[in-house]
Structures are given as structure tokens and as C-alpha cells.
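Q: I'd like to learn how to read charge pairs and helices in a model like this. Can you walk me through it?

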Amino acid sequence: MDALPLTSCHDDLLPAGDGVVPVRVYKGAARRKDAPVVMHLHGGAFTEGGLDSGELVSRLLADAGAVVVDVDYPTGQEYVFPTALKTLDALLAGLHKARTRLSGKGAPLVVAGEEAGGNLAAALALMARDQGHRKLSGQILIGPMLNPCMGTASLRQADAGYGECRWMHGWRAYLGECEDGDHPYAAPANTGRLAGLVPALVVSADDDPMRDEALAYARAMKRAGVDVQQALIAGPSGWPCSLMKLPSLSALQLPWASALRQKLADFLSLIPPAGKPRLQPA
């Protein structure tokens, strides 16, 4: 029995530059005509994860009204920055062309991600702004990894940021020895220019280790004039690990899951068909 009302869920391969990327496409009963197509990027601290670990958030997005393309992007120490980002940028261009087939001619394109996937989603929004192609209509950042300095109070409260914690290991694997480790596309918290970004939803939880960097990024975007909705979900949530577990009916009925689903639905409902002005909250 499906935990959420999906009308279809299937695996596919989509073009990305000269290659293809494995994806899983979710369509839910709640989607409207020309529903947003959301490119979803799972967590895993840049070193692990796949289509199964992206299922819970993908289902929440589908239940919130989106057509979701969950992406099995490159992870692991052999894929240092900007390998995954280049792949996803190429896939974004392909998805823009495929959105009519996936949802409808006017379907807007949104990027979403949690933890390491939130980093990549934020970076793609920066790239879209810099490239000026207007293919992206929104960004959803769920407890994103944005700052490799790992010096926030929320990380210390989670006993993270020391020794060989999974996020420090992940940052080392992602940045490697590259000289561009402080580049805004690698670590979006380092960017000094946020004006002109697409509207954003930034969500964290009370007990999320990424809470402080997520909220700081939301505040910085607001100061730059970006249309930002931010939310702090009451704990306990178990983020980010709980976001990457295979979903169950009981898990999806937890208070934090219901709250996240509602925030996603509220944000997606304000994204109009491509080429039309953004809707305003009632």
C-alpha cells in the first residue's frame, strides 16, 4: 500500500550533456495542470545516496502537487567539485525541454534538495542566475549543507564538526584538493551576491545540524531582495538522516513530515505557469 497517493512512479534515463543520468519520476494525484516539475536531489553528504534514499522527500513533493524527477547524481570521493554540478546543470537544460512531456507546456521548473542535495540545489540557482537562461522558477532548500567551515552552534549541538564526522568527511570528499573550494558554487554560504535569484523556500528543523547555516542563508537572500519563505519545523525530526530513510506510512504521518509537506505545498502553489508573474499569498 502506497503511503502517499501516487498515480505513477517509474525509473528512466534522461540526457545530460553527452551522457545520461538515472532518474525516478513521481506523479501524485494532487498535481494540477502544468504542475511544477521539481528536480529533486537527495542527501548523503556528497559521498552516498541514490534513488531509494531520495524517495521520502520525492513522495512529499509529489503529494504537495509536483511532478518529481528524483536524480541519481554522481557521489563519492572520485567526483569532486564541480563534477556533480556540471552533470546537474546539463540535466536541468534537458528537463526544461522535457517538461511539456512530463507535466505540460506551461510547467515551471524547480530545483529541490536536502543536506548535500540542498547545496547542489542552491548552487544550481546561482548558476541559473549567472547564466541568465531563465529556465528555473524556484528553489527548495531543506536543511542544506552550505558552509564547509562547520562552525555553527547547531552543528556543535549535534556533536558534529569534529574529527571524522560524516559531514566533515563529506566536505573533504566533495572539495578534494581543488583550489575553488571557497567558490560560491561549491559553498553557497560564501557568495557575496545573492540578488536576482529565483524565489526560495528554506526549511530546517529545531534539531537539524544544518539549521543555523540554512537560516543564515535565508536571511542573506532576503536582504538581497530575493523572494524567500523560511520555516523552522519543531523537533524531534532526526534530520537529515530521517529524510533519507525509505518511507513508511507511520513515518509520513509524523508531525515533522506533515509540516514539511504543507510548507512544500504552500510554496509550490504560488509558482505560476512558466512565463507568468509569481502569485502572491492570500
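This is a predicted model: local features need pLDDT of at least 70, side-chain atom pairs count only at pLDDT 80 or more; totals for chains, interfaces and linings use all residues.

Q: How close are the closest N and O atoms of Asp130 and Arg193?

A: The general idea goes like this: side chains of opposite charge can pair when their charged atoms come close. Here, Asp130 and Arg193 form a salt bridge, with their closest N and O atoms 2.9 Å apart. Asp130 sits in helix 3 (residues 116-131) and Arg193 in the loop between helix 5 (166-175) and strand 7 (200-205), so this pair links distant parts of the chain, 63 residues apart. Asp130 is partly exposed at 35% relative accessibility, and Arg193 is partly exposed too, with 47%.

Q: How many salt bridges does the structure hold?

A: There are 9. One of them joins Arg24 to Asp52, where the closest N and O atoms are 3.1 Å apart. Arg24 belongs to strand 2 (residues 19-28), while Asp52 is in the loop between strand 3 (37-41) and helix 1 (55-63), so the pair ties together parts that are 28 residues apart in sequence.

Q: Is Arg24 buried or exposed?

A: The cut-off for buried is under 20% relative accessible area. Arg24 has 14%, so it counts as buried.

Q: Which residue forms a salt bridge with Asp63?

A: That's Arg261, with the closest N and O atoms 3.0 Å apart. The two come from distant parts of the chain: Arg261 lies in helix 7 (residues 255-269) and Asp63 in helix 1, 198 residues apart. Arg261 is buried, with a relative accessible area of 16%, whereas Asp63 is partly exposed at 22%.

Q: Now for a helix. How far apart are the end C-alpha atoms of helix 6?

A: The check is to count 1.5 Å a residue. Helix 6 (residues 211-223) has 13 residues and should span 18 Å; its end C-alpha atoms are 19 Å apart, which agrees. Just after helix 6, Gly225 takes a positive phi of about 90°.

Q: What do the buried residues of helix 6 pack against?

A: The buried residues include Arg211, Leu215, Tyr217 and Met221. The buried residues of helix 6 pack against helix 3, strand 6 (138-142), helix 4 (153-157), strand 7 and strand 8 (228-233).

Definitions and conventions: Residues are numbered from 1 along each chain as its sequence is written. Side-chain values use heavy atoms; hydrogens and water are left out. A salt bridge is a side-chain nitrogen of Lys or Arg within 4 Å of a carboxyl oxygen of Asp or Glu. Helices (H or I, at least four residues) and strands (E, at least two) are DSSP runs, numbered from the N terminus. Buried means under 20% relative accessible area, exposed over 50%, partly exposed in between (1.4 Å probe, protein chains only). The expected span of a helix is 1.5 Å times one less than its number of residues. Contact means heavy atoms within 4.5 Å.
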